[in-house]
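Subject: Handing over the structure

Hi there,

Here is the structure I promised to pass on to you.

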Amino acid sequence: MEKRKYTVRKPAPRQSQADMVFGTQSVLETLRSGKEIERLFIQREFGLAEIEKLAKELGVPFQRVPVEKLNRVTRKNHQGVIAFVSPIQYMPLHNVLTQVYEEGKTPLLLLLDRITDVRNFGAIARTAECAGVQALIVPTKGGAQINADAMKTSSGALNFLPVCREPNLYETLQYLRNSGLQIIACTEKTEKSLYEIDFSIPTVIIMGSEEDGISKEFIQLADSGARIPLNGQVESLNVSVASSIVLYEAVRQRIK
């Protein structure tokens with residue numbers, strides 16, 4: 001079988017000045033305030049131990065980067081550290097799932113494995129919210145940054161769709177399976193068509209990286225793969241388009 005990947009070329013992400021904080025004291029106060037931080041850039045040569053310690057305690061992802069990267073983000077006096085403040089409040093997955101079951105609804109969750117393109121992420125969030133997905137699950141590290149571009153591309157959907165940021169997606173999938181959800185991996189590495197899957201039962205759908213698809217360990221953990229049939233000459237779909245196709249097959253089955 002020919003391999004077909006849902007890929008897209010990634011433009012360089014842009015960061016709005018409105019959701020950026022820089023300078024050691026400003027970043028410390030932002031961390032202490034309880035605001036959601038998307039990520040931190042810390043100058044590689046600096047030993048900002050207090051900021052790193054607090055970031056670890058709060059589960060905020062951070063990267064040690066060269067000063068040139070910081071200077072590209074802002075020309076102002078950043079003092080070796082820049083924080084990107086999230087425009088949304090992340091939700092605990094356990095709380096979301098508990099509420100779904102308490103309301104008598106059938107869970108339909110979407111897990112994004114290393115989707116890094118901001119506009120793809122926003123478009124997927126928009127479709128997910130329209131399709132009635134109850135939670136969008138993303139990794140703490142290795143995913144798209146939720147910034148002004150993501151909010152704009154989602155057309156406001158990220159204001160309504162719960163987003164759960166998880167440090168270990170493998171453990172998250174195990175938790176969801178133990179909670180009664182089937183795991184469906186949208187991948188070309190299966191013979192089973194999307195239209196053979198029963199989406200009427202509690203389900204978490206995995207969509208994979210724009211470059212290399214779903215991580216191998218997630219495919220092995222999944223209850224089933226689901227392949228989107230492609231009959232034309234082009235051998236790939238944009239991941240946001242692929243997500244729309246899968247989610248609306250689930251919607252079709254649930255309406256029926």
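Arg-114 is partly exposed, with a relative accessible area of 26% (buried means under 20%, exposed over 50%, and partly exposed in between, using a 1.4 Å probe and protein chains only). You will find Arg-114 in the loop between strand S5 (108-112) and H5; helices (H or I, at least four residues) and strands (E, at least two) are DSSP runs, numbered from the N terminus. The phi of Arg-114 is near 65°, a positive value in a residue that is not glycine. As background, most residues other than glycine have a negative phi.

Before going further, please note that this is a predicted model, in which local features need pLDDT of at least 70 and side-chain atom pairs count only at pLDDT 80 or more, while totals for chains, interfaces and linings use all residues. Residues are numbered from 1 along each chain as its sequence is written, and side-chain values use heavy atoms, with hydrogens and water left out.

Ser-155 also has a positive phi, of about 55°, although it is not a glycine. Ser-155 sits in the loop between helix H6 (148-153) and S7, and with a relative accessible area of 47% it is partly exposed.

S7 itself (residues 163-166) holds Val-163. Is Val-163 buried or exposed? At 1% relative accessibility, it counts as buried. Leaving aside residues up to four places away in sequence, Val-163 touches Ile-88, Tyr-90, Met-91, Leu-136, Val-138, Ile-146 and Leu-158, where contact means heavy atoms within 4.5 Å. Thr-30 is 133 residues from Val-163 along the chain, and the C-alpha atoms of the two are separated by 21 Å.

Now to the helix pairs. The axes of helix H5 (residues 118-130) and helix H9 (residues 239-255) come within 9 Å and cross at roughly 10°. Axes here are lines fitted to C-alpha atoms, for helices over the stretch in contact, and angles run from 0 to 180 degrees between N-to-C directions. H5 and H9 are therefore roughly parallel to each other (angles under 35 degrees count as roughly parallel, over 145 as roughly antiparallel, 65 to 115 as roughly perpendicular and the rest as oblique). H5 passes H9 in a right-handed crossing; a crossing is right-handed if the near helix is turned clockwise from the far one by less than a right angle, and left-handed if anticlockwise.

Which residues of H5 and H9 meet? On the H5 side they are Asn-120, Ala-123, Ile-124, Thr-127, Ala-128 and Cys-130, and on the H9 side Val-239, Ser-240, Ser-243, Ser-244, Leu-247 and Tyr-248. The residues of this contact divide into 7 nonpolar, 5 polar and no charged (Ala, Val, Leu, Ile, Met, Phe, Trp, Tyr, Cys and Pro count as nonpolar, Asp, Glu, Lys and Arg as charged, and the others, Gly among them, as polar).

H5 also contains Arg-119, which is partly exposed at a relative accessible area of 30%. The C-alpha atoms of Arg-119 and Ala-144 are separated by 8.8 Å, with the two residues 25 apart along the chain.

Helix H1 (residues 24-32) and helix H2 (residues 49-58) pack at an angle of about 20°, and their axes are 10 Å apart. The crossing of H1 and H2 is left-handed. Thr-24, Val-27, Leu-28, Leu-31 and Arg-32 in H1 meet Glu-50, Ile-51, Leu-54 and Leu-58 in H2. By class, that contact has 6 nonpolar, 1 polar and 2 charged residues.

Helix H4 (residues 93-102) and helix H7 (residues 169-178) have axes that come within 12 Å and cross at roughly 20°. Their crossing is right-handed, with the contact made by Leu-93, His-94 and Leu-97 of H4 and Thr-172, Tyr-175 and Leu-176 of H7. That contact has 4 nonpolar, 2 polar and no charged residues.

Last, the cysteines. How many disulfides does a search of the whole structure find? It finds 0, a disulfide being a pair of cysteine sulfur atoms within 2.5 Å. The sulfur of Cys-130 is 19 Å from the closest cysteine sulfur, in Cys-164, which is too far for a bond. Cys-186 is in no disulfide either, and its nearest cysteine sulfur, that of Cys-130, is 19 Å away. Cys-130 counts as exposed at 54% relative accessibility, whereas Cys-186 counts as buried at 4%.

Best wishes
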